[in-house]
Amino acid sequence: AELQRAVDDAAASNGVAEAAVEGAAGDTDEAAGADVGDDGADAETEAAAGDTDAADDDDEEEAAAPPPSPDEIFRAAFLTTLRRDLKPPVLAAEAVGAAAKLGGASVKETSWKKAAKFLESLAGVVDCREKSKGVLEVVSVDWGRAPPFELVEKAAVADEFAALRATKRGGCVTVSVRRVRNKNCTFVDGLDGWGFDEARQKAVAAALRTKFSAA
């Protein structure tokens, strides 16, 4: 009987040990499951980071967009001029000159090179007619057919005529035309009395030549 009792006690002890081992194995499996779950969370985090990097790359590509070409700049400035500053009818040459000043690029810097070719590229949009021999006038613009463009803002520019202003009040100034080397030349006398030294008088002469095509 005592021997049988010892056998039963040993069997009971083995059962407890097996249950403990099984419990420990279960805990290990749960921990492994938790690790797998953590791996899944890590994968999701990496995926989110990848999406963020892709978005950053897209932003960099947008930020690195190429600047507008001289053609785009001049065309936008020309159409802005006709829509906001010099509404038709207006001389084509005047509009082209105003566009060059507004956009900072002349028609010579574009692929068209000449105003006539540029105006031809806008056929059907800008209606030009010959006002007199060799003089074109913009009479109307079909804005519904105009290419997409953004209005060009007027830039703050320095006062280009500052050097042409008198610094003091002088006497009479005379303007005359004289014949020099078989050319009619315009002379302005008496500017020295208004504070114009030699350099400033040359600036006046340059401005007159540009504005009035005078010699």
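This is a predicted model: local features need pLDDT of at least 70, side-chain atom pairs count only at pLDDT 80 or more; totals for chains, interfaces and linings use all residues.
**The whole chain**

Begin with the entire protein in a cartoon view. Five helices and five strands are present, and from the N terminus their order is α-α-β-α-α-β-β-β-β-α. The chain has 215 residues, of which 16% count as buried. Among contacts between residues at least 6 apart in sequence, 51% join residues at least 24 apart.

**Helix α2**

Next, select residues 70-85, which form helix α2. Its buried residues include Asp71, Phe74, Phe78 and Leu82.

**The aromatic cluster**

Now show the side chains of Phe74, Phe78, Trp112 and Phe118, which ring pairs link into a cluster. The whole structure contains four aromatic pairs. In the pair Phe78 and Phe118, the ring centres are 4.9 Å apart and the planes stand at 90°, so the arrangement is edge-to-face. This pair connects distant parts of the chain: Phe78 belongs to helix α2 and Phe118 to helix α4, 40 residues apart. The rings of Trp112 and Phe118 also form an edge-to-face pair, because their planes are at 65°, with the centres 4.9 Å apart.

**Arg83 and Trp143**

Select Arg83 and Trp143 together. The charged end of Arg83 sits over the ring of Trp143, at 4.8 Å from the ring centre.

**The β4-β5 hairpin**

Move on to strands β4 (residues 174-180) and β5 (residues 183-189), which pair in the antiparallel sense over seven bridges. Val175 can be found opposite Val188 in β5. The two strands form a hairpin with two residues between them, and Arg181 in the turn has a positive phi of about 55°.

**Arg178**

Finally, select Arg178, in strand β4. What lies under this residue? Arg178 is placed over the face of Phe187, 4.3 Å from the ring centre. The side chain of Arg178 also makes a polar contact of 3.3 Å with the side chain of Ser176. Beyond its neighbours within four places in sequence, Arg178 touches Lys183, Asn184, Cys185, Phe187 and Asp189. With 37% relative accessibility, Arg178 counts as partly exposed.

How values were computed
Residues are numbered from 1 along each chain as its sequence is written. Side-chain values use heavy atoms; hydrogens and water are left out. Buried means under 20% relative accessible area, exposed over 50%, partly exposed in between (1.4 Å probe, protein chains only). Helices (H or I, at least four residues) and strands (E, at least two) are DSSP runs, numbered from the N terminus. Two strands pair if DSSP finds at least two bridges between them. Contact means heavy atoms within 4.5 Å. A polar contact is a pair of N or O atoms within 3.5 Å; within protein, one must be able to donate a hydrogen and the other to accept it, and residues adjacent in sequence count only if both atoms are side-chain atoms. Rings of Phe, Tyr and Trp (its six-membered ring) pair if their centres lie within 6.5 Å; planes under 30 degrees apart count as stacked, over 60 as edge-to-face and the rest as tilted. A charge sits over a ring if NZ of Lys or CZ of Arg is within 6 Å of the ring centre and within 35 degrees of the ring normal.
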